[in-house]
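Dear colleague,

Please find below the structure that I am handing over to you.

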Amino acid sequence: MTQDKFATKTAVYPGSFDPITNGHVDIIKRGIRIFDEIIILVAYNSSKSSLFTVEERVAMIREEVKDIEGVRVDSYSGLLVDYLKKEGVNVIMRGMRALSDFEYEFQMTLMNRRQSREVETVFLMSGFKWFYTGSQIIKQVASIGGSVKGLLPDKVHKKLLAKFNNGRK
Ligand code: PNS
């Protein structure tokens with residue numbers, strides 16, 4: 001341990017957010033009850049190809065969180081721990097859904113810890129309603145014409161349908 005207490009009560013909430021879902025919004029609303037400030041970070045995940053550009057994702061998130069005080073949105077294409085260092089933040093916030101998230105999250109947490117001993121990751125359990133949903137499965141279903149209404153903010157839902165050019169839903 002290099003320090004006893006962190007100086008700020010700010011957390012970075014990183015993710016692909018491709019696109020932001022109601023599950024993400026739920027985690028942000030839970031998180032801001034704990035932290036004074038949350039930076040939602042659209043970060044680069046080399047193992048995923050994205051549907052929305054970084055700019056589109058940032059704009060959609062900004063729209064959804066504009067009324068939540070203490071939340072801001074940013075993007076970064078480098079290492080997460082470098083962004084934290086640059087911003088002087090020590091805490092990563094992540095949502096945890098079902099057991100299937102567990103290994104992936106632990107792997108990332110330990111790798112981030114290996115990169116920087118200054119960083120701690122905290123997990124918030126997502127709302128029960130969002131336990132088995134996520135951007136990937138939502139995109140998969142929407143891409144072949146299935147209904148994903150109610151799983152995403154309305155404006156994001158519309159943009160998703162527009163991407164797949166199936167505005168009939
Ligand atoms: O929403 P995701 O795709 O599960 O989020 C993963 C993300 C973007 C947080 C992760 O891939 C990440 O931190 N990317 C930034 C680059 C980095 O630092 N990679 C190593 C993480 S151990």
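Predicted model: local features only at pLDDT ≥ 70, side-chain atom pairs only at ≥ 80, totals over all residues.

Residues are numbered from 1 along each chain as its sequence is written, and side-chain values use heavy atoms, with hydrogens and water left out.

Ligand site

The ligand sits in the largest pocket. A pocket here is an open set of points on a 1 Å grid over the protein atoms alone, with protein on both sides within 12 Å along at least five of seven lines; a molecule sits in it if more than half of its atoms lie within 2 Å of its grid points. There are 15 residues around the ligand, and Ser16, Asn45, Lys48, Leu80 and Tyr104 come nearest (a residue counts if one of its heavy atoms lies within 4 Å).

Polar contacts are pairs of N or O atoms within 3.5 Å. A polar side-chain atom of Ser16 lies 2.5 Å from a ligand oxygen. A polar backbone atom of Leu80 is 2.8 Å from an oxygen atom of the ligand, and a side-chain N or O atom of Arg94 is 3.0 Å from a ligand oxygen. Taken alone, the ligand exposes 540 Å², of which the protein buries 84% (Shrake-Rupley method, 1.4 Å probe).

Strand E1 (10-15) and helix H4 (102-115) each supply at least two residues of this shell, and H4 gives the most, with four. Helices (H or I, at least four residues) and strands (E, at least two) are DSSP runs, numbered from the N terminus. By class, the shell has eight nonpolar, five polar and two charged residues.

Cavity

A cavity is a set of grid points where a 1.4 Å probe fits but cannot get out, and its lining residues have an atom within 4 Å of a point. The count comes to one cavity of 30 Å³ or more. The largest cavity is lined by Thr109, Asn112, Arg113, Val119, Glu120 and Thr121. H4 and strand E5 (120-125) each give two or more residues to that lining, with H4 giving the most, three.

Backbone

Two features fall in the loop between E1 and H1 (22-31). Phe17 has a positive phi of about 50° although it is not a glycine, and a cis peptide bond, with omega about 0°, joins Asp18 and Pro19.

With kind regards

Note on methods
Polar contact = N/O pair within 3.5 Å; in protein donor to acceptor, adjacent residues only side chain to side chain. Nonpolar A, V, L, I, M, F, W, Y, C, P; charged D, E, K, R; others polar. Points joined across faces, edges and corners; volume = space filled by probe spheres on them.
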